[in-house]
Structures are given as structure tokens and as C-alpha cells.
Amino acid sequence: MSRTLFLGDSHCAGFYENQDGTCTIWDSANNYAELYSKIYNVPSAIYAMPGACNRHYPVWFSWLVDEYKTDTAFIQSTYWNRYLFAHSKNLDWGDGITKDHFVDKSQASTHRYSNLVFNKGRFELMVGQFKELYEDFKGFEFSFEDPSAHYKVFNETYKYSKLWFEGLTHLQLRDYLTDLIVVDHLAQERNIDVYVWHINNRVHIPNTKDLFGKFKRVKFAEKSAEDFLRKEYKMNIENMHIDSEHYHKDVHNAIAEHYIPWVKKNSK
Amino acid sequence: MKHTLFLGDSHSAGYTIDNDGQALHWTENNYAEIYSAKNNQPCAIYAQAGGCNRKFPTWISCLLDRYDVNKIFIQSTHWNRYLVANDPNLDLGESYAKDTFLERNEDSANGLVHRYTDKRYAGNRYEALLGQFEEYWDKFKGFKGSIDNPYGEFEILENQYRYTKLWHEALTHLQLRDYIADMTVIDHMVRNTDIPVYVWTINNRIHLPKNTDLYRGFDNVKFVYTSAEDFLFERHRMKISKMVVEDKEHYNYDVHSAIAEYYLPYIEKNY
């Protein structure tokens with residue numbers, strides 16, 4: 001049986017914060033992917049995690065397409081300036097690691113997957129560069145007379161150098177496109193259509209997409225769910241939250257019923 | 001006539017040190033140019049001192065736009081080399097093009113070799129390479145994040161970049177993922193062509209991963225697990241670690257010549 005694949009962050013994992021501060025995850029009513037599956041009677045498999053980003057997606061996609069026969073995948077492009085960090089007790093640069101090392105299969109019976117944080121001497125986590133971690137740019141010292149001057153980048157805090165010398169530069173664009181080219185590479189040989197979309201206008205989608213040539217199977221939605229639902233259905237999803245960040249079930253339902261079919265038809 | 005492409009670091013850029021300790025580029029100590037002359041093969045080299053895999057997809061993309069290509073040699077270089085950049089436009093790369101940093105240098109004297117490198121500045125945008133040398137090493141301090149203390153993870157953001165970059169990105173599977181992704185992008189760009197891409201190492205201090213099938217196998221990219229150092233020692237009794245110039249890091253002409261004459265043809269024949 002062929003299944004439609006969904007990759008994304010908390011919005012794709014039925015996640016929200018309750019009024020008492022606890023969190024709910026995998027709530028089918030607050031999950032556009034599960035609602036799409038139900039409304040259109042399409043078997044699906046979901047790989048999602050709160051805070052997930054493009055740096056996760058090549059290995060998730062690779063694992064899913066080994067696991068499931070599919071011809072369609074929806075990738076929810078998420079906020080930039082989300083990074084992965086990790087640690088390996090063995091300091092082995094990943095030798096011997098397999099693509100399923102961090103797959104949490106505890107809900108495999110419902111075709112829902114997420115990431116383990118710790119497994120067999122390794123961990124992998126996501127950090128988001130929130131505003132409380134922000135420091136103003138202090139300038140950059142470089143000199144042809146003192147070629148080691150730029151090594152001062154090393155001595156600044158990680159949050160500072162990561163933001164100013166990686167995040168807010170073309171290097172993040174290159175990583176983003178690299179990750180999606182890997183997905184394209186895998187999708188091409190298996191004839192999978194991959195639709196990349198974004199839930200609201202705070203998520204950046206680059207206009208520059210051809211650094212490594214044109215995509216063959218990956219297509220991008222030109223309009224966010226936020227813009228689409230406002231224009232076509234007069235829904236202002238930024239006022240329809242269940243907590244400070246996550247959307248109400250009516251938003252998920254509208255994404256499932258209206259936006260995802262539109263994405264499938266109109267992405268380029 | 002089709003061109004052969006070479007990508008690499010200082011070893012591919014004819015880097016050496018003269019008697020006064022001055023650094024020189026595009027000298028005769030360049031296996032790629034020697035290979036070109038021996039085989040009368042037009043070549044294009046894209047190389048930079050400190051070059052690494054994070055540069056290579058962009059470089060290949062630039063060269064494939066410019067040349068009809070018959071084969072590609074990628075000199076895989078030391079891990080724990082990073083790129084840093086800055087862009088006062090803060091446009092997340094929107095005004096960036098793949099050849100923003102490309103700089104064409106003077107062709108070889110015989111005209112057979114076109115030489116490219118990266119400049120560090122393009123307008124007010126820059127991109128530079130950092131190598132994590134031993135003087136930037138700090139001992140691992142442990143990790144305080146846990147399911148019960150999810151904010152513990154944010155402490156690593158407050159540590160020095162050199163510390164967190166080393167212990168929480170580089171010496172982990174994340175560097176492997178980046179490496180394999182970079183090579184996959186290259187494989188993707190030459191997919192459905194007959195262009196072989198040989199990924200090789202000059203000495204045994206360079207890590208070449210064994211589990212290259214993290215996403216899938218490769219079609220055109222071929223990984224060569226016998227380094228030039230091992231090959232030349234086993235087949236030609238050359239101990240290249242002793243055949244270096246003043247800086248003790250870069251190899252003399254005889255080593256470059258042997259790589260061009262023996263090692264690269266061996267790769268082509270056996271991989």
C-alpha cells in the first residue's frame with residue numbers, strides 16, 4: 001500500500017501546550033497531516049518533531065522512503081536559524097551510524113515517527129535561536145597582513161558566531177538547498193513528487209533555489225498556508241491559536257481540506 | 001576537447017613556501033597541473049588553501065556551467081574545517097550567486113590549465129575558512145541538557161564557538177551528514193552522465209568515512225580508500241611524510257609528480 005509522507009515540526013506532530021503548562025503531542029484533531037489522511041482517505045506516514053528543521057529532513061526522508069512505498073511527500077519548511085547539535089561519546093565522526101539511529105518507532109503501529117534524543121552513546125537535539133539569545137553584531141576583523149585575525153570568531157560565544165557568521169548568511173541558504181537537493185536526489189529515482197510548503201509568513205522560503213541546478217521532483221508552494229487561507233477563506237490564522245504558537249484545530253482542518261490539495265495542484 | 005576537473009585545498013593550488021618563508025601559489029608543486037601536462041589533458045582546477053567539502057558542491061556547480069567535462073578528481077581534505085561568512089545585507093543569501101566568490105587566476109604557462117580559487121570578499125560579503133587547530137581545543141565539559149532539564153541544552157550556546165562547534169557539531173555524526181550531503185549534491189549534479197567523480201585523500205591524516213550510504217549509495221561518486229601516501233609507499237617505496245617543503249606540511253615536486261604519474265591513473269583504473 002502506497003502512503004503519503006509528511007515531514008514537519010510541532011504543527012505536524014499534533015503538538016500544543018496546555019493551560020496547565022503540560023504538553024500534548026500526536027493529537028489527531030490538531031494535526032493537518034492526520035486530518036488530510038482522514039478527509040481524503042489517503043494512508044499516510046508522518047515523521048515530525050517539535051523544533052524540526054531542514055537539517056533533519058534528508059535522513060528522515062531517506063528512512064521513510066526505505067520504509068514505505070510512496071509517490072507523494074509533503075515537507076513543511078520550518079523556521080530558519082534552527083540548528084542541530086549533537087554529541088558522540090566515541091568521538092567517531094558518525095562511523096557506523098545508520099539512518100535509523102534516532103528514529104523513535106514507539107508509535108510505528110500508527111505510522112507516526114519522531115526522533116529519540118539519546119540513543120547508544122549519541123545524542124542529537126535542536127536549538128532555536130530565540131530573541132533572548134541575540135547579541136548585536138560587533139564587526140568582523142580580517143586583515144591580509146594578519147590572516148589569523150578572523151579566528152577571533154572562534155572566541156566569541158557560540159550563539160553569537162552561529163548567528164552572525166553562519167545563520168544570517170548565504171551559508172544557511174547553501175545548507176537549506178543542499179538538504180533539499182538530497183531529498184530531490186532520492187525522490188528522482190523513486191518517482192516521488194515532493195511538495196515544500198510553509199505554514200505562515202514568519203517562515204523564510206528562498207527565492208534563490210538554483211545554486212546546484214534545478215530541482216527535478218521537489219516543488220515549492222509559492223504561498224503560505226497563512227496567505228492562502230486569508231485570501232481564499234478569510235481566515236486570519238494568526239488569531240487562531242491554541243497556545244502562544246500553535247494553531248487551533250480549525251486551522252489544521254482548513255490546511256488539510258483546502259491548502260494541501262492546492263499545494264499539490266499549484267506548486268512549481 | 002573535454003576538461004578534467006580538480007578540486008582541493010593548498011595541495012591542488014600549487015601552494016608552497018619559498019626560502020624566505022613566503023607563501024607561493026600556483027607553483028610547479030601541483031599534481032593536477034603535472035597530470036594535465038603528462039596527458040596533454042585540458043583541466044580546470046578550483047582550489048584554495050584550507051579548502052574543504054563545504055565548498056565543493058558550489059565549486060563543481062560553477063565549473064559544470066563552464067566546461068564540458070570528462071572526469072572529476074576531488075581531493076577530500078581534513079575534517080574540522082568550517083566556513084564562516086558575513087553578509088551585512090542580512091538577506092539570508094538572496095543576493096548570493098554560486099560564483100559570487102569565484103576568482104579566475106592566470107592560466108598555466110602551457111595554457112592547458114584554467115585556475116580558479118575563491119576570494120574572501122565579494123563586495124561587503126565575505127566567506128572564510130577556519131581550521132580547528134590544536135590551540136583552539138578545550139576539554140569537554142559534559143552536557144547538562146536532559147528530558148528533566150530541557151533548558152540545560154541552551155548552555156552550550158553560551159560557550160565559546162570553538163568549543164561548541166568542536167564538541168557538539170564536528171566530533172559527531174552531524175559532520176558526517178554534512179559530508180555525505182555535500183557529496184550527494186555532487187552526485188546529483190552529474191547524475192545520468194558518464195562523468196566519474198573520484199574522491200581521494202592525499203595522506204592518512206584525512207578521514208574518509210566508510211558508511212557513505214547514509215541516504216543511499218552513490219552513482220558517479222567513487223570513494224578511494226587507499227590514500228596517495230599508502231599507495232606511493234606500497235608501490236613505489238616513497239615515504240611522502242618525509243618529502244615535504246620547509247613548512248613540513250606541503251609536499252615537494254617529486255610527490256606531486258608521483259601522484260600525477262602513478263596514483264591518479266591507478267584510481268581511474270581501479271575505481
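Predicted model: local features only at pLDDT ≥ 70, side-chain atom pairs only at ≥ 80, totals over all residues.
Local features require pLDDT of at least 70 and side-chain atom pairs pLDDT 80 or more, whereas totals for chains, interfaces and linings use all residues; side-chain values use heavy atoms, without hydrogens and water. Residues are numbered from 1 along each chain as its sequence is written, with chains lettered from A in the order in which they are written.

Three cavities of 30 Å³ or more are present. A cavity is a set of points, on a 1 Å grid over the protein atoms alone, where a 1.4 Å probe fits but cannot get out; lining residues have an atom within 4 Å of a point. Volume is the space filled by probe spheres set on the points, which are joined across faces, edges and corners.

The largest cavity has a volume of about 690 Å³. Its lining comprises 43 residues, and Arg55(A), Glu166(A), Asp175(A), Arg54(B) and Asp178(B) are the closest to its centre. Elements that each supply at least two lining residues include helix 4 (170–190) of chain A and helix 5 (173–189) of chain B. Helices (H or I, at least four residues) and strands (E, at least two) are DSSP runs, numbered from the N terminus. The lining has 19 nonpolar, ten polar and 14 charged residues. Here Asp, Glu, Lys and Arg count as charged; Ala, Val, Leu, Ile, Met, Phe, Trp, Tyr, Cys and Pro as nonpolar; and the others, Gly among them, as polar.

The second largest cavity holds about 80 Å³ of space. Among its 13 lining residues, Val59(A), Thr98(A), Lys99(A), Phe102(A) and Arg177(B) lie closest to the centre. Seven of the lining residues are nonpolar, four polar and two charged.

Over all chains there are 44 salt bridges, each a side-chain nitrogen of Lys or Arg within 4 Å of a carboxyl oxygen of Asp or Glu. Asp175(A) pairs with Arg55(A), with the closest N and O atoms 3.2 Å apart. These partners are 120 residues apart in the chain. Asp175(A) counts as buried, at 16% relative accessibility; buried means under 20% relative accessible area, exposed over 50% and partly exposed in between (1.4 Å probe, protein chains only).

In chain B, Asp182(B) bridges to Arg54(B) at 2.9 Å between the closest N and O atoms. The two lie 128 residues apart. Both Asp182(B) and Arg54(B) are buried. Shared partners join Asp66(A), Lys99(A), Glu189(A), Arg190(A), Arg191(B), Arg216(B) and Asp219(B) into one salt-bridge network.

Note on methods
1 Å grid on protein atoms, 1.4 Å probe; cavity = no way out; pocket = protein on both sides within 12 Å on 5 of 7 lines; lining within 4 Å.
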